[in-house]
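User: I'm new to this one and would like to learn how to read it feature by feature. Could you show it to me first?

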Amino acid sequence: MYIICPQFSASEPVNPYALLGAAIVSELLGTTSLKLSEGFSRPVPSLGVVVGYGLAFYLVSLTLEDLPIGVVYGTWAALGIVGVAAIGIVVFDEPIDLPGAVGILLIIIGVYCVNVLSEMSAH
C-alpha cells in the first residue's frame with residue numbers, strides 16, 4: 001500500500017495495520033459522537049458521526065488491499081467493541097461487571113490469536 005504525500009517527492013509505503021488502527025480510532029470517534037449527538041439533534045457531534053464513520057470505512061477499504069477481509073473486519077469490529085466499552089466506562093461512567101470484563105478480555109485474546117498466532121493474517 002502506497003499513499004502519496006504532498007511533502008515527499010515519492011510515495012511512501014504505509015503499514016496496513018497502521019491504517020487499520022486509524023480506522024478503529026475513526027470509528028471510535030464516530031461512535032462517541034453518535035452518543036453525544038442526542039439523536040442527531042446536536043449539529044457538531046452529528047457531523048462527527050459522518051466524518052468518523054466515513055473516514056473509518058475509507059481507511060478499512062485501503063487496509064483490504066493488503067490484508068484478508070476476515071482479519072481486517074474481525075480486528076476492526078472486535079477492537080471497536082473493546083474501545084467503545086472502555087469509552088463508555090471511562091467517559092460516560094457506564095458500569096462494568098466481572099462477566100463483562102471477562103468477555104472483553106476474551107475479545108482481546110481472540111484478536112491476538114487471529115493476528116499473531118494464526119496463519120490467517122499476512123505476517
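This is a predicted model: local features need pLDDT of at least 70, side-chain atom pairs count only at pLDDT 80 or more; totals for chains, interfaces and linings use all residues.

User: Which elements does the protein chain run through from the N terminus on?

Analyst: The order is β-β-α-α-α-α, which comes to four helices and two strands.

User: Back to S26: is it buried or exposed?

Analyst: The general idea is relative accessible area: under 20% is buried, over 50% is exposed, and anything in between is partly exposed (1.4 Å probe, protein chains only). S26 counts as buried because its relative accessibility is 6%. For the protein chain, buried residues make up 32% of the 123 residues.

User: And what is S26 in contact with?

Analyst: Contact means heavy atoms within 4.5 Å. Setting aside neighbours within four places in sequence, S26 contacts G52, Y53, L55, A56 and L59.

User: Which residues form the largest nonpolar core?

Analyst: A nonpolar core is a set of buried Ala, Val, Leu, Ile, Met, Phe, Trp, Tyr and Cys residues joined through side-chain atoms within 4.5 Å. The largest one here has twelve residues: L19, L20, A23, I24, L28, A56, L59, V60, L62, L67, V72 and W76. Helices α1, α2 and α3 are the elements that give two or more residues to this core, and α1 gives the most, with five.

User: Can we zoom in on one member? What does V60 contact?

Analyst: V60 belongs to helix α2 and is buried, at 8% relative accessible area. Apart from neighbours within four places in sequence, its contacts are A23, V72 and W76. Take A23: its C-alpha lies 6.0 Å from that of V60, though the two are 37 residues apart along the chain.

User: How many residues does α3 have, and how far does it reach?

Analyst: To judge a helix, compare its reach with the expected span, which is 1.5 Å times one less than its number of residues. Helix α3 has 22 residues and reaches 31 Å from its first C-alpha to its last, close to the 32 Å expected.

User: Which residues of α3 are buried?

Analyst: They are V71, V72, T75, W76, A78, G80, V82, G83 and G88. A handy rule for reading such a list: an α-helix has 3.6 residues a turn, so residues three or four places apart point the same way. The buried residues of α3 pack against α1, α2 (43–63) and α4.

User: How many salt bridges does the structure hold?

Analyst: A salt bridge is a side-chain nitrogen of Lys or Arg within 4 Å of a carboxyl oxygen of Asp or Glu. The structure holds two. One joins K35 and E94, at 3.8 Å from N to O. That pair links distant parts of the chain, 59 residues apart: K35 in helix α1 (residues 16–36), and E94 in the loop between α3 (69–90) and α4 (98–117). K35 is partly exposed, with a relative accessible area of 47%, and E94 is partly exposed as well, at 36%. R42 also forms a salt bridge with E38, with the closest N and O atoms 3.9 Å apart. R42 is partly exposed at 36%, whereas E38 is exposed at 53%.

Notes. Residues are numbered from 1 along each chain as its sequence is written. Side-chain values use heavy atoms; hydrogens and water are left out.
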